[in-house]
Amino acid sequence: MRYYADQWRCRLLLGVALVLFNIYAQAQSFTASADAQKVIEKSAFTVTYTLDKAKGSGFQPPDFSPFEIVGGPSQSTSMSIINGAVSETSSYEYSLYGEKRGTYQIPPASIYVDGRIMKSNALTIEVEKGKAVNPISEV
């Protein structure tokens, strides 16, 4: 009878461990965002890559062409402890310059997390004609 009780406890412990691992793995995210999906030509805009609830390394930005990088990468990291649970967030930020009108896609960035590669979402940016709000002065 004791054998079955030990076997039941072992299965329960394994099940709880798998559920916790699954929750931990699902909670991690790596996302891309832009401060605007539509920008005026010859204006600067910001793209941010955020790694949430994970510690990553080897960040690889995408090819930003036809946009020009005018600032960055700027990196920031924050850590919080709530009820004993530690959470870490890292961000990588780029300022980009849209020269030509059109709709462009910025491919995903990638980062290593726990021995695997995570990819962000892609971004679609539309560069429109108009007067620049954040003009970049030509030197």
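How many residues lie between E8 and E9 in their hairpin?

**Entry 1: basis.** I noted that this is a predicted model, in which local features need pLDDT of at least 70, side-chain atom pairs count only at pLDDT 80 or more, and totals for chains, interfaces and linings use all residues. Residues are numbered from 1 along each chain as its sequence is written, and side-chain values use heavy atoms, with hydrogens and water left out.

**Entry 2: the hairpin.** I found two residues between E8 and E9. Strands are DSSP runs (E, at least two residues), numbered from the N terminus. In the turn, Asp-114 has a positive phi of about 50°. I looked up the pairing of E8 with strand E9 (residues 116–119) and recorded four bridges in the antiparallel sense; two strands pair if DSSP finds at least two bridges between them. Met-118 in E9 is the bridge partner of Ile-111.

**Entry 3: E4 and E8.** I then traced strand E8 (residues 110–113) to strand E4 (residues 56–60), to which three bridges join it in an antiparallel run. Ser-110 in E8 stands opposite Gln-60.

**Entry 4: the open sheet.** I recorded a three-stranded open sheet with mixed pairing, in the order E2-E10-E7. Strand E2 (38–40) and strand E7 (102–106) each have a single partner strand, so one side of each is left without a neighbour in the sheet. On average, neighbouring strands of this sheet are turned by 30° against each other, direction ignored; axes are lines fitted to C-alpha atoms, and angles run from 0 to 180 degrees between N-to-C directions. For E2 and strand E10 (residues 123–128), I noted three bridges in the parallel sense. Val-39 stands opposite Val-127 in E10.
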